[in-house]
Amino acid sequence: MQKINLSANIENGFSNTFEYIATPNAIKSAKNIAENFKSGIHSFSIIGSYGTGKSSFLIALESDLTKQRKKPYLANPDIFSQKADFEILNIVGDYIDFETLLRRKLSVEGDADNILDGLKTYYEKIKKQNKFLLIVIDEFGKILEHAANNPERELYFLQKFAEMVNVPTRNILLLTTLHQNFGAYAKKLSESQKNEWTKVKGRFQEIPFNEPPEILLNLVSKQLQAENKITIGKNAENLYQLALQTKTVSEGFEKETAFNIFPLDPFSAIAITEAIQRYGQNERSLFSFMIAKGESTVQGFSPSDTLTYNLSKVYDYVNYIFYSVLKDANADSMRWGEISAAIVRTENISFDTPKQNENAIKIIKALGVFGLFAPQNAVFTEPQMTEYAALAMDIPDAKLIINKLKQFKIIRFAEYNQRLKLFQGTDVDLEAEIEKAKISVYYPDDYIDDLAAFFNKRISPAKACYYQKGTPRFFDYEIRKEPVELVPDGDIDGYIELIFSADGDMQERIMQKSANCSNAVIFAFFLNTAKILEHLHNIQVYKHIVKTVLLDSHDDVANKEMKQLIEYENNLLNKEISDSLFSYNQSVSWIYKGEQKTVKSLRDFNTLISDVCDDVYNATPVMNNELFNRHKLSGQIATARNYLIKALLTHSHEVDLGFPADKFPPEKTIYSSLLKTTGLHNENGLQDHPKDKSGIDTLWQASMEFLKSTTGKPQKLSELVKILSEKPYKIKQGFIDFWLPVFLIVKQNDYALYETETGAYCPKLDEFMFDLIQKKPGKYSVKMFDTEGVNIEFFNQYRKFINLGEEFSITSDKIIETIKPFLFFYNRLNDYTKHTKKFDKKSTMRFRDVLARAKDPERRFLRICLRLLVLKIRKILTNTVRLCKMPSRNYVCATPTLSTASKNG
């Protein structure tokens with residue numbers, strides 16, 4: 001006959017007579033370990049309460065990996081490795097340093113380095129045998145408890161050990177078990193030591209392993225069934241139905257399980273399982289409880305038709321077995337104290353018979369244990385407690401006893417969670433005060449701010465949109481009484497307006513507002529606003545009682561009760577809002593563009609917000625690079641931006657801007673996405689436009705339209721930033737920080753750059769200039785050159801004077817090439833030459849003044865100088881005057897005169 005092992009030791013393994021039952025939680029844990037291992041994580045901490053079967057899980061997993069059974073319990077070994085065999089290194093933790101444990105296991109002498117070298121040698125030996133190494137450390141918490149006493153030395157060894165295991169190329173898997181979170185063992189450490197502890201914790205992936213009580217009870221029932229120890233109580237069916245009715249157990253708790261665990265009833269079974277998980281020591285588990293003998297045990301209990309091992313019996317067992325644990329300070333200390341106080345008060349009540357007094361104490365114990373261990377949503381009304389007492393506690397007159405306990409204010413019925421509960425007593429008639437307050441406290445009118453406090457702030461990402469275009473989109477939530485057209489700004493791309501209103505025509509008004517709304521705004525109208533406001537009203541009623549009736553009262557019990565009532569209503573209100581909004585239960589009407597949208601699931605919701613983004617931001621370019629396609633650049637990527645700009649300015653003629661072929665810094669990755677893939681740069685250098693269907697077509701078009709709009713008048717660069725930051729583009733600021741310099745460098749021959757306030761021309765683009773532009777784009781303006789109407793013949797005359805070749809067409813880059821020598825020349829003049837009027841010829845001074853006023857080189861230099869040239873040539877042709885007397889000639893001949901004046905000045 002197969003048996004279930006009540007305890008397991010990884011060094012001993014399973015006995016052939018025992019069987020392991022793989023629970024859904026165990027299978028899920030094995031799957032999580034396998035998936036994380038594939039992603040490169042080699043070290044794991046399996047965290048679960050006492051008695052949840054962690055050790056048995058490890059042994060079952062080892063059995064699977066070593067193929068001891070034809071059919072695996074948990075996992076196929078191939079999901080970890082294709083290696084032929086697995087080598088298992090089992091270690092059971094103890095209250096000594098890990099170095100010593102590992103030294104003993106490997107039979108290695110020496111210091112920490114020698115031990116790790118020994119482990120490496122052991123691994124290499126396994127590797128040569130084509131094996132996979134599995135290291136298992138059960139009771140790892142004992143090792144951590146010891147390490148907390150000497151953290152500097154022992155933590156460092158643990159860190160080096162984990163780092164050795166976590167080398168991605170090594171076929172090593174490390175599994176450890178803990179009873180609590182890794183960080184919980186560091187409570188007594190200093191802040192700096194806790195930081196180091198956290199660093200080591202980060203080397204381990206945590207795997208939760210807490211079996212639900214109902215699963216454990218199912219395992220126990222199978223054990224009892226296998227041993228033919230099943231006796232079904234007379235009231236088992238009624239108790240099972242009562243447990244379902246009170247929500248003490250879920251629908252998934254099988255009736256067969258409820259029958260098989262007799263003499264436990266469902267109420268006491270859930271309570272004892274929770275108690276053992278909460279307080280149990282290493283040797284205590286639900287399985288050991290079922291076979292234990294002695295005082296207050298199941299084995300020593302004699303049931304009857306109306307008596308089970310009930311909740312009061314659970315109190316006696318837990319109080320006896322875990323006495324020392326309960327006496328220590330813990331999260332439940334106060335509630336155990338309340339039970340003890342209630343028992344003492346009950347003992348002082350004069351009932352009609354001693355039996356009633358005895359039964360009253362049992363009822364107190366049962367209510368106390370139920371309050372401690374029952375599910376949070378479970379209820380326990382007076383009729384339900386009366387029925388339970390009759391079915392499981394052999395108390396036929398429970399109603400009479402309950403009424404007397406209520407009369408003496410030892411117990412009371414809490415309306416807020418529908419439970420009979422222990423009560424310390426108060427002089428305030430809370431029920432009467434609540435009824436009076438409900439009349440005097442009006443329903444809230446300006447409730448939006450109050451509701452905002454109960455809504456947990458969150459942001460919803462548009463996942464499909466992000467996947468398709470690479471630009472992350474985020475929707476924020478706003479609580480409103482009336483619909484408002486909000487304009488998304490910054491990192492927020494859309495709004496979900498939560499409309500709470502009891503007005504009958506509100507939905508129609510939202511429809512109208514939404515129909516005329518052009519921004520990414522979705523309206524969520526709550527159809528259950530009245531119910532939500534009722535909870536809000538109750539909260540205000542309770543707060544009113546605290547501020548008026550209990551303001552100067554020292555009645556701690558009444559204050560505590562009101563605090564619990566307020567907390568309960570807060571939870572109900574939060575749940576009402578959250579369930580309506582995120583459970584998609586038809587309590588909310590979703591409206592966009594004047595139409596009601598169908599949102600019945602999270603998938604529908606995600607589809608809706610992505611569709612809104614596609615609709616409103618239809619011109620967003622495709623750029624799948626999260627390094628810079630975000631609202632704010634990291635420090636590393638901001639530095640990469642500077643490197644990319646420098647490469648564009650100095651190595652644009654080189655393949656891949658001169659980046660090394662074997663290295664991939666972030667600037668190279670961004671270059672590949674933004675310039676190489678789009679065709680803005682190739683082996684021939686910078687290109688004048690991106691290739692077709694580059695993904696940035698809409699971005700390029702918007703940028704070129706802005707540049708063309710500056711032909712007649714300079715425009716601030718901040719205007720381009722504004723255009724790209726708004727619909728239909730809504731490009732992230734990080735993207736713009738890269739795009740702006742890239743576009744300006746690509747088109748540098750098509751425009752002139754000025755300081756906005758002074759109008760001063762900026763002839764040179766360098767890293768420093770782009771840094772200034774990024775910080776204050778509004779401080780700089782651009783103007784695109786207009787080459788139409790400029791005579792090619794006279795333009796070439798200028799180019800001859802400065803030793804430049806003739807052109808057959810006038811282009812923006814040739815204008816810049818022609819103008820810059822004059823502007824640089826003027827900038828090198830000293831102050832005397834820039835201001836003196838002592839020249840032999842007036843034309844020299846006029847030429848200098850044209851340069852001085854050249855804030856717009858195209859307009860002032862080309863339009864004025866060339867026009868004067870044309871007029872003078874016409875006059876010369878008319879009067880047959882020599883060409884050398886033309887103003888343009890004089891302007892150019894004035895250059896040496898200005899140079900001489902500068903030297904003499």
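Over residues 880-896 pLDDT stays under 50, and for this stretch the model has 28 contacts beyond four places in sequence. The model is a predicted one. Across the protein the average pLDDT is 82, and 82% of the residues score at least 70.

The secondary structure comprises 37 helices and 20 strands. Of the 905 residues in the protein, 50% are buried. Among contacts with a separation of 6 or more, 69% are between residues 24 or more positions apart.

F98 has a relative accessibility of 3%, so it counts as buried. Beyond its neighbours within four places in sequence, F98 is in contact with I91, I137, I143, E154, F157, L158 and F161. Of these, F161 is 63 residues away along the chain, with a C-alpha to C-alpha separation of 9.9 Å from F98. In the loop between α3 and α4 (112-128) lies S107. S107 is not a glycine, yet its phi is positive, at about 55°. With 66% relative accessibility, S107 counts as exposed.

Next comes helix α9, residues 236-245, where A236, L239, Y240, L242, A243 and L244 are buried. What do the buried residues of α9 pack against? Their partners are α10 (255-260), α11 (266-279) and α17 (382-392). Just after α9, K247 takes a positive phi of about 65°. The loop between α10 and α11 holds P263, and the peptide bond joining F262 to P263 is cis, with omega about 20°. A cis peptide bond also joins K727 and P728, where omega is about 5°. P728 is placed in the loop between α29 (717-725) and α30.

Helix α24 spans residues 556-582 and includes I577. The relative accessible area of I577 is 2%, and this residue is therefore buried. Leaving out neighbours within four places in sequence, the contacts of I577 are L451, F455, F526 and I532. I577 can also be set against L498: the two are 79 residues apart in sequence, and their C-alpha atoms are 10.0 Å apart in space. Y584 lies in the loop between α24 and β14 (588-592). Its phi is near 55°, a positive value in a residue other than glycine. Is Y584 buried or exposed? Its relative accessibility is 10%, so Y584 counts as buried.

The aromatic side chains come next. A pair of aromatic rings is described by the distance of the centres and the angle of the planes. The model has 30 aromatic pairs. In one of them, the rings of W700 and F743 have centres 5.4 Å apart and planes at 75°, which means the pair is edge-to-face. This pair links distant parts of the chain, 43 residues apart: W700 is in helix α28 (residues 697-708) and F743 in helix α30 (residues 733-746). Both partners count as buried, W700 at 11% relative accessibility and F743 at 2%. Elsewhere, F140, F182, W197 and F204 form one aromatic cluster.

Charged side chains also lie over aromatic rings. R412 is over the face of F423, at 5.3 Å from the ring centre. K668 is placed over the face of F664, at 4.3 Å from the ring centre.

The cysteines close the tour. A disulfide is a covalent bond between the sulfur atoms of two cysteines. How many disulfides does the model have? The count is 0. C613 counts as buried, at 0% relative accessibility. C762 is likewise counted as buried, at 10% relative accessibility.

Technical notes:
Residues are numbered from 1 along each chain as its sequence is written. This is a predicted model: local features need pLDDT of at least 70, side-chain atom pairs count only at pLDDT 80 or more; totals for chains, interfaces and linings use all residues. Side-chain values use heavy atoms; hydrogens and water are left out. Rings of Phe, Tyr and Trp (its six-membered ring) pair if their centres lie within 6.5 Å; planes under 30 degrees apart count as stacked, over 60 as edge-to-face and the rest as tilted. Helices (H or I, at least four residues) and strands (E, at least two) are DSSP runs, numbered from the N terminus. Buried means under 20% relative accessible area, exposed over 50%, partly exposed in between (1.4 Å probe, protein chains only). A charge sits over a ring if NZ of Lys or CZ of Arg is within 6 Å of the ring centre and within 35 degrees of the ring normal. A disulfide is a pair of cysteine sulfur atoms within 2.5 Å. pLDDT is the predictor's confidence in each residue, from 0 to 100. Contact means heavy atoms within 4.5 Å.
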